[in-house]
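This report goes through one structure, element by element. Have the sequence and the coordinates open as you read.

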Amino acid sequence: MLAVSGGALAQQHWSYQPIARPEPPTVPDAAWRQPIDAFVHAAMQARGLAPSPAADRATWLRRVTLDLTGLPPTLDELDAFLADTTDEHGAKARVVDRLVTTPAFAERWTQWWLDLARYADSQGYEKDGLRRTMWRYRDWVLDAFARDVPFDRFTIEQLAGDLLPGAGDEQRLATAFHRQTMTNTEGGTDNEEFRVAAVVDRVDTTLSVWMGSTLGCAQCHDHKYDPFTQREFFELYAFFDQTEDADRDDDAPVLRVPTLEQRAAAKAIELELTAVRARLVAGEGDVAAWAADVGARHAAFRAAALQLSPWRVLGPVPAGGLEAAHRTAFAPERDGVRLEEQQEGLAWRVEPTFVDGAVHTWTGNGAAVYLHRTIEAASAAEAVLSLGSDDAIKVWWNGIEVLAKEVARGARLDQEVLAVDLRPGTNTLTLKVSNGGGPSGFAFALRVPESGAELERVLAVAALDRTSADRAVLAAEFVARAPALSAERAELLRLEGAFDAQRGPAVPVMRELPADRRRETRVHRRGNFLDPGDVVTPAVPRVWPPLPPDAGRDRLAFARWLMSRENPMTARVLANRIWSELFGAGIVTTLEDFGTQGEAPSHPELLDWLAAEFRDGWSLRSLLRTIVLSATYGQSSAWNESNREVDPDNRWLSRGPSFRLSAEMLRDQALAVSGLLSAKPGGPSVMPPQPDGVWMQIYSGEKWEPATGDDATRRSLYTFWRRTSPHPAMLVFDAMSREACVLRRQRTNTPLQALVLWNDPQFREPAIHLAFAAMQATGGHDDDTVRWLFRRCLQRDPSAAEMARLVELVKAERGAFAADPGLAERIVGAERHDLHLEVAAWSVVAGVVLSLDEFVSKR
Amino acid sequence: MNAPDLFTSASRRAFLGSAPSLLGALALRDLFGGDDGKPSRAAPRVKNVIWLHMEGSPPTLDMFDRKPALDRHDGQKCPDAFLPKERFAFIKGHPHLLGHRHGWIRGNNGIDVCELFPHLAQQLRDVTLVRSMVTDQFNHAPAEHLLFAGAPRPGRPSFGAWASYGLGSENRDLPAFVVLLSGGSLPSAGKALWSAGFLPSVHQGVEFRSVGEPVLYLQDPPGFDRARRERALRAGNDLNGLHAEAHGDPETRTRIAQAELAFRMQLSVPEAADVANEPPDVHALYGTTPGASSFANNCLLARRLVERGVRFVQLHDSGWDIHGTSPGDDLMTQFPKKAAQIDRALSALLIDLRRRGLLEETLVVWGGEFGRTPMNEARDGSAYWGRDHHPHCFSMLLAGAGVKRGAVVGATDELGWHVTDAPIHVHDLQATVLFLLGVDHEKLTYKFQGRPFRLTDVHGKVRRELLA
């Protein structure tokens, strides 16, 4: 017998075979003759299963609305659909056609994509610095789903938009997909080590998302089971090894791309700028008067003949953190500077090396340093202090606090500019510099008021001797400095700032290295980047079809190859992912592994049919439309005798899809039914309420600043995502940190989930609002209010038993609140005094409905 | 799934293909092959683990590994032979050796211990001192990931999550994996150190907070007393019961039970977390003040938690990163301050566990994520004494069930630079602690992204020399 090698066997693996569009089998049931249904029906028949009946119409409406938009239907939508009874398939198709064009549709599918893109608003790793601009990429995705951009274009732009011929800003912006990798800014780390980690992540993510293949282990050694060698891993790696980014703290390279609104706003600002610039002109008489005044002040400064003592320094005084260091008044601050005494157990020392005009540094985490010097003036004068500090600073001039600024920054001159009056005799200057982490330091310079070499030179020339060039200098300086034009200058500054702000946020993007700086990619022996092996060039693993010979060997060629008809994986993998979003499990349950170690497809022909269908035009919308209008999708999800025994996991699709909603959908649904949901689309990520103290970060002054107004109740898609600390309520419902691409979220069922539904203000507030809404919508009869709550939240009428139970509850709550009317007011707030008791009682009932299993699940 | 262990129950359908089962008891059975009742080869010696992580990494060289040669050559340039191929986090140029800066006292196991730890010195007879710990990483976050999750980058489940996944909880009213923080900041690697990684999120460590409610979202909103919460719970579960009958999804029954548990937790968690009703002599022993946020309070809380059956209690105490850039992180000011914060409390924990018989079933692990250099760091010419990060050797303490008492394992060279005897990699420590819990580290796996993962990655050996 001939031995067949493992590799050869693996090459015959189903997923590596070309996709042919299979013919659907013929089935007897007329309602099951659409291709999807025919495949599913045949598979059921083969196992002695029968389909479930169609879900009742309201259940179907809730299911499809949640699936397509992530939100529940409104009461109007429910009533309209229930009234549309002429043609069942047509009525459903009209609903789907409406849903796929809503903004909510784009939001829901963007949410899906962000898990795969490992989207986050922070850099990850130890310091996890914030990326406050990444939303611009999220909005790119939103826009793509809103326009149903075909998936091949969607893919190619994200992987290699920068390399497209004539690439526009939006296409370059799309490449932020692979800049979602983490950046390590921890002190003492090797940037190359983490650049390599980012490139490895790009390979892993690309292969997982599009190819359903896991090559992670081939980073260190040849794959044990699948036909991939370590060399092949690094040949793939080579495609991604030529971008400029290199784990830099500032995430360079970045690209600023204005949004449409920003482009329009910039145009308007440009007009205003022209107008203000026209007002910034110098009249001859004004200039002369101003020059005389400044000249006099310069003369006074020179006459004062200032003598500066060397700096005296005390510290660092440890305080445990920047905030404490800055805010605590240590002895020099509390008792005054006493140079001859020990203060805070430390002596003042002279620092002759702290010369003016340069930055001086020291070390001391979470500590404060005091600096003190005297300035002798022969006569009164004005002067300007230029200061810089790392980090926070306080300044006392002649014993009076003139500046206090709690900031985190590196020091440079002119961060702070203070005008001071020098009195004749001794003046004192005391600084306090407080440091968070890393180096600390300061910079100082003292200047004549209205300083500047040119201005000083011209003013030293007698007025009558000034040349026309001198007068031009004065006119320009007048425009730049004179108090008479301060309003115009402020306006100009404001407009310039506003104009700059409209250039768009700076988003990290992929940018290819120029030809002379390209890296030589080598195999990393045992996965260790410090142990380079053979040189490799970009190529795709042998088990897959090769790149076309005339294509380049760069990311663009690779992205095009991914989406080519010859590639058997991508269409299957993506169709399976989309199926799994609707059904809760893929036809291949291991969404991320279509290799020999993955699960085999339950319905191989259905998968191939869907893949072929999707590949024709790559339209997410039309694929979704086909699936949700199938009889398979439309079945009742209730369990029955036969499908409980034979199909407990619904692998054979003998029930409709049903499972708990995602963290985001749960919150959005509660906001929606209570009327609190804000429809505001896109823009910077927001910070809805979360418990205090959840963001506790070692080196960072960043704070969770709870959003107010509309921003507190926007869709969860827009919630700020910090990798080391995602919103805790979302974590409870199985959102993940997004440190790596999230291929499949878990769906757990834990007591902490009950606690969030009961106690998180993000669910409690909706309960109160929902109670209000229910009372306003009904006439005050308990039965009507319960019915309204059920229809609003569950899209159905309550049964008699359910009705009786909730009426019993509201009566009990009414009684209990009546015994303590102040309590009701505390719950409901000060308005609508007449309704306190009722709203309080109904808010308990509404809270019960918002935590019902049926409400938190898709049925 | 007749009587689901509620803390470990997750949606069954969602995990097709994820091996082994999510249920602790089932997982354990899988690990030891069969439920025929025969005692397994690796019978558990430990039920609970308390892992005290000194975040930033203490200078264990100055605590438990006295080097007379270092004192003799104090201030001299370190020998050239050591420097090639060495990467430092902060040291630049040719560093100088740094002798010990504190005196020594004799521990009750006969070894020299830093004088700043007089209480701990009297406990060492019951402790295994490992002088030969080794790691691969010399930056905090990667080293912490490696220590707690077996790999240097985020994304893997942490030890406690594996323990919860493999063994479940012993207390139906409390989570299996609890995390306590002191010292004022999060560990460098953040909450990833108690992440469930790719394991079901139910196994994630639950942070008991020292300020505010002990568990997030535990407290009822304004206007809810126990009676109202119970009325709402009963009504909700009655409706859920009707729905379970009508629809038939078993997840609904689980949700009903989880709501009941949540209701019980609202009492059991604050009770467990409240150290106020401990008697005065216990507070005197630990040096605790009810309501404070301190390492001592967390030690006492750790005892209360293992007493109640919490499987894995993980303490992180920050402030140990003794670089010597200022008095806030040097050997002369900060190190004695940290020593004073833990010496009595750590000793009290051992005494208290022993008195209650809990040390018979609990393993206590103490240590940082790596060692510190035998040289003075002198960053930017700093005049304060301190040591840089050092992955090649460090000491850890193990005490309690299954480990030797009074033993010293491993040795380092005369400068404390490299291990000379019995190097114990952090993967070995993980394998050994899992072994003590009755789990074979090569068999506790979870399939993710197409391959089986385990805590020890592809490394780790159970180290018999640590075992009693």
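## Helix 7 of chain B

In helix 7 of chain B, the buried residues are B:Ala232, B:Ala235, B:Gly236, B:Asn237, B:Leu239, B:Asn240, B:His243 and B:Ala244. Buried means that 20 or more other C-beta atoms lie within 10 Å of the residue's own, with C-beta atoms placed from the backbone; exposed means 12 or fewer, and partly exposed lies in between. Helices (H or I, at least four residues) and strands (E, at least two) are DSSP runs, numbered from the N terminus. An α-helix has 3.6 residues a turn, so residues three or four places apart point the same way.

The model is predicted: local features need pLDDT of at least 70, side-chain atom pairs count only at pLDDT 80 or more, and totals for chains, interfaces and linings use all residues. Residues are numbered from 1 along each chain as its sequence is written, while chains are lettered from A and ligands numbered from 1 in the order in which they are written.

The buried residues of helix 7 of chain B pack against helix 8 of chain B and against helix 29 (800–818), helix 31 (836–850) and helix 32 (853–856) of chain A. Helix 7 of chain B has 22 residues and spans 30 Å from its first C-alpha to its last. That is close to the 32 Å expected at 1.5 Å a residue, the expected span being 1.5 Å times one less than the number of residues. Just after this helix, B:Gly248 has a positive phi of about 95°.

## The contact of chains A and B

Chain B brings 72 residues to the contact and chain A brings 85 residues. Two residues are in contact if their C-beta atoms, placed from the backbone, lie within 7 Å. On the side of chain B that touches chain A, helix 5 (140–149), helix 7 (226–247) and helix 8 (250–273) of chain B each supply at least two residues. Helix 7 of chain B gives the most, with 11 residues.

By class, this side of chain B has 28 nonpolar, 29 polar and 15 charged residues. Ala, Val, Leu, Ile, Met, Phe, Trp, Tyr, Cys and Pro count as nonpolar, Asp, Glu, Lys and Arg as charged, and the others, Gly among them, as polar.

## Helix 5 of chain B

Helix 5 of chain B is mostly covered, with 10 of its 10 residues buried. Its buried residues pack against helix 6 (159–167) and helix 12 (426–436) of chain B. B:Gly150 follows helix 5 of chain B and has a positive phi, near 85°.

## A sheet in chain A

Four strands of chain A form an open, antiparallel sheet in the order 7-14-9-12. Strands pair if DSSP finds at least two bridges between them. Strand 7 (359–363) and strand 12 (416–422) of chain A are the edges, each pairing on one side only. The twist averages 25° from one strand to the next.

Strand 9 (residues 381–390) and strand 12 of chain A pair over seven bridges, in the antiparallel sense. A:Ala381 has A:Leu422 as its bridge partner in strand 12 of chain A. Helix 13 (residues 284–304) of chain A packs on the sheet, touching strand 9 and strand 12 of chain A. The direction of helix 13 of chain A makes about 80° with that of strand 9 of chain A. Axes are lines fitted to C-alpha atoms, for helices over the stretch in contact, and angles run from 0 to 180 degrees between N-to-C directions.

## Chain A overall

Chain A comes to 32 helices and 19 strands. Of its 859 residues, 50% are buried.
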